[in-house]
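Please keep the sequence and the structure at hand while reading.

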Amino acid sequence: MAGMVFGLDAPMMAALQHLLDIPDGEAEPPPEKQGPTRAYVRDARAMAATPADVKELPGAYAFVVDMPGLGSGDIKVQVEDERVLVISGERRREEKEDAKYLRMERRMGKLMRKFVLPENADMEKISPCRDGVLTVTVDKLPPPEPKKPKTIQVQVA
């Protein structure tokens, strides 16, 4: 009834009531009601904001990732969990005392992409190169040789 007087609907009142029910000293809600962690949200945003192309070449896979404004020292290329290629970096705002921004449209912050590599990717041959955009090339393993049939000589006595 009081919610209707102030123009608040029932779900909004329930959310506000939930916030008021947290006792003093308990900074976080119980574990069953926790949402994603800050690191997870930050990584998800970084992955959504980092465009990439994946190409399969005859002897390799090429991962082309837009990471404008980052130098080679600012970009990390690593392999996690044996088969996950992680390309990451972070662009920071240039701070100059005598300049002020009138407009900021370029994205600042973390840039990241993760790719699960196929089984035939050669984990020892990963090479990043930079030509305006970052291209990471992962060579393919040579195809397995076909098995030759085993010949057994039969001796008749």
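## A buried methionine

Met-112 has a relative accessible area of 4%, and because residues under 20% count as buried, Met-112 is buried. The model is a predicted one, and this value, like the others in the report, is computed from it. Met-112 belongs to strand E5.

What is Met-112 in contact with, leaving aside its neighbours within four places in sequence? The list consists of Asp-43, Ala-46, Met-47, Thr-50, Val-86, Ile-87 and Ser-88. One of these, Thr-50, is 62 residues away from Met-112 in sequence, yet the C-alpha atoms of the two are 6.2 Å apart in space.

## The sheet around E5

Strand E5 is part of an open sheet of 3 strands, in the order E3-E4-E5, with antiparallel pairing. Strands E3 (75-80) and E5 (109-116) are at the edges and have a single partner strand each, so one side of each is left without a neighbour in the sheet. From one strand to the next, the twist averages 15 degrees.

Strand E4 covers residues 84-91 and is joined to E5 by 8 bridges, the two strands running antiparallel. Within this pairing, Gly-89 has Leu-111 of E5 as its bridge partner.

Strand E1 (residues 52-56) is joined to E2 by 5 bridges, and the two run antiparallel. They form a hairpin, with 3 residues between the strands. Asp-53 stands opposite Val-64, a residue of E2.

Strand E2, residues 60-65, also pairs with E7, in the antiparallel sense and over 6 bridges. Here the bridge partner of Val-65 is Leu-134 in E7. Strand E7 is joined by 6 bridges to strand E6 (residues 121-130) as well, and this pair runs antiparallel. In that pairing, Ala-121 has Lys-140 of E7 as its bridge partner.

Is strand E7 mostly covered or mostly open? Of its 7 residues, spanning 134-140, 6 are buried, and the strand is mostly covered.

## The nonpolar core

The largest nonpolar core contains 15 residues. Those with the most contacts inside this core are Phe-63, Met-67, Leu-85, Ile-87, Val-136 and Val-138. Strands E2, E4, E5 and E7 each contribute at least two residues to the core.

Ile-87 was named above among the contacts of Met-112. Leaving aside neighbours within four places in sequence, the contacts of Ile-87 include Phe-63, Val-65 and Met-67.

## The chain as a whole

How many helices and strands does the protein chain have? Its secondary structure comes to 3 helices and 7 strands. Along the sequence, they follow the pattern α-α-α-β-β-β-β-β-β-β.

The protein chain has 157 residues, of which 21% are buried. It exposes about 12,900 Å², and carbon and sulfur atoms supply 54% of this area. Among the contacts with a separation of 6 or more, 52% are between residues 24 or more positions apart.

How values were computed
Residues numbered from 1 in each chain as written. Predicted model: local features only at pLDDT ≥ 70, side-chain atom pairs only at ≥ 80, totals over all residues. Heavy atoms only, no water. Pairing = 2+ DSSP bridges. Helix = DSSP H or I, 4+ residues; strand = E, 2+ residues; numbered from the N terminus. Axes fitted to C-alpha atoms, helices over the stretch in contact; angles between N-to-C directions. Buried < 20%, exposed > 50% of the residue type's maximum accessible area, 1.4 Å probe, protein only. Contact = heavy atoms within 4.5 Å. Areas by Shrake-Rupley, 256 points an atom, 1.4 Å probe, with all protein chains shown as cover. Core = buried A, V, L, I, M, F, W, Y, C linked by side-chain atoms within 4.5 Å.
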